[in-house]
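Hi,

Here is the structure I said I'd pass along.

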Amino acid sequence: MDVDACERAREAPPAEAETLAWTLDMADFGCEAAADDAGARAAARPAGPRQPTDYMPDERCLSGEALEAHVAEARAWFKSIGAPRLWVAPLVGYSDASFRQLARECGANIAHTQMLDSGGWVCSPSYRALHDLESDEGPLIVQLGGSRAAQLAGAAEMLAALPSVAGVELNLGCPQRCARQAGFGAFLAEDVDNLRECVHAMRRAVDAGSARRPPADATAAGGARAARCALLCKVRCFAQPEVTVAYARLLEALGAHLVTVHGRTRHAGGGRHTGAMLANWGWVREAKEALRVPVVANGNVRHWRDVEALLAATGCEGVMSGVGALRVPHRVFAPVHRTADGGGGDRPAARLRARPLFASRAHVAARYFEIALQRREAPSHVHAHLAGSLALVSFAQPQPRRHAAGRPAASGARIGGEAPAAGAPAGESAPAASRAQRARIPNSISRAAWAIRRLRGFYHWESDAAREAVVAIRAALAAQCAAEAALCAAKVVSETESESDDEGGEDDVASSTAGG
């Protein structure tokens, strides 16, 4: 949160806060007070594992006819945004507007922003200016983080009034150390009373903001903008499935229109370490069977086959992918077609195959870079997607070629019985040279991306240093795309020859059997 903005807000509340229907006490937005309250709540948290009785409904929860009307409203909202199946997860530092557009081009139906700080959104106009929420060409979900009801409600009402925002999501799944210290994310579930107050306040704020938004324009963004804003919650599971079920039911009764269930506990970590522990799809299925509002499943989605398997295993309305979508969005969200395969005997008449829009990760990175330049994306986001730990391109380091004795191969020597290609480094065959060239290219991308990372502000895209970096990145990506295309073509030829050999062998066996 912007500390200076919070200090200014205490003296002169921003105009947006004065118009909120939800009553806000601007003293609640003080950073020091928030830290003190989080520390006090952390000290008061009960020790030991949670029980289902900890998440029992109270007077703030819906029941009877009110709950039935809420479920119908949730399903109507889900249908109004196109009943999306493929969701892009919120990831801090990566879920920028350019990547959201790229994911939609790859086949995603709906995307999240990164987690936004609720107090910073209410207090700081400069913080709000950093996030582009108006240019998305499809349903957009904004995720909020925080542990104070007044901050979350104020930010939720401001966001719900924006026509481009289809839903506001409360982050109840972040397992990071910062979430533990501040008491938000997955650790908000430990303070059940505060959890109830936060979700209840956000539901009232979302309703108030939706009432103030202009009528939905069927021509805007392809008609994908919802008439109202919904409240979503993203949670992680507990080790005891019955606790997860009680937790999800409480959120539904408090007014959540959709619940995303990540099939890992908070102890599994997050970010690039998420894949260290496999998600439990059985936990997600039990939560889905207990809820009547739409449910989105999250966990272990790295390929389009995982999408189909997760939908079949859980029965959820949608699937969300985070790390997998960052690394290979063209494979996770690939359009699926049935293509005739021919053949006879035990071979299937049709085989399910994916036809990605992009041929390789290098092509995906090149497309992202062009989108980022067009949108004038933040240089830090461009660096993260081109050279970060979850980058769109791989960074395999080239290994020196050696012959059997362990010494470097002599100039002009044959390796593997193949002569060196024209222009290839001495001692390397054509395939080896191609692999080594591809491994060296990302280093130039990294150097150019670091040059962009050092720039300050959007206007530096027009500086001489930015132009030089753009030229370097385009050249490096073009070279990598060419190398990837050559390797893919060689692989296709090799597989075709292998299939031809297998078919020839089968024909020989068939003819010999018939003759015998």
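Asn280 caps the N-terminal end of α12, with a side-chain oxygen 2.9 Å from the backbone nitrogen of Gly282. Keep in mind as you read that this is a predicted model.

Staying with α12, its buried residues are Gly282, Trp283, Val284, Ala287, Lys288 and Ala290. What do they pack against? The buried residues of α12 have α4 (64-80), α11, β7 (258-262), β8 (295-298) and α13 (304-314) as their packing partners.

The axes of α11 (residues 241-254) and α12 (residues 281-290) come within 9 Å and cross at roughly 40°. Angles from 35 to 65 degrees fall between roughly parallel and roughly perpendicular, so α11 counts as oblique to α12. The crossing is right-handed. On the α11 side the contact involves Pro241, Val245 and Arg249, and these meet Trp283, Glu286, Ala287 and Ala290 in α12. Sorted by class, that contact has five nonpolar residues, two charged ones and no polar ones.

One more residue to look at is Arg203, which sits in helix α10 (residues 192-212). Is Arg203 buried or exposed? Its relative accessible area is 12%, and the cut-off for buried is under 20%, so Arg203 counts as buried. The side chain of Arg203 makes a polar contact of 3.0 Å with the side chain of His70. Leaving out residues up to four places away in sequence, Arg203 touches His70, Glu73, Leu231, Leu254, Gly255 and His257.

Cheers

Conventions. Residues are numbered from 1 along each chain as its sequence is written. This is a predicted model: local features need pLDDT of at least 70, side-chain atom pairs count only at pLDDT 80 or more; totals for chains, interfaces and linings use all residues. Side-chain values use heavy atoms; hydrogens and water are left out. Axes are lines fitted to C-alpha atoms, for helices over the stretch in contact, and angles run from 0 to 180 degrees between N-to-C directions. Helices (H or I, at least four residues) and strands (E, at least two) are DSSP runs, numbered from the N terminus. Angles under 35 degrees count as roughly parallel, over 145 as roughly antiparallel, 65 to 115 as roughly perpendicular and the rest as oblique. A crossing is left-handed if the near helix is turned anticlockwise from the far one by less than a right angle, and right-handed if clockwise. Contact means heavy atoms within 4.5 Å. Ala, Val, Leu, Ile, Met, Phe, Trp, Tyr, Cys and Pro count as nonpolar, Asp, Glu, Lys and Arg as charged, and the others, Gly among them, as polar. Buried means under 20% relative accessible area, exposed over 50%, partly exposed in between (1.4 Å probe, protein chains only). A polar contact is a pair of N or O atoms within 3.5 Å; within protein, one must be able to donate a hydrogen and the other to accept it, and residues adjacent in sequence count only if both atoms are side-chain atoms.
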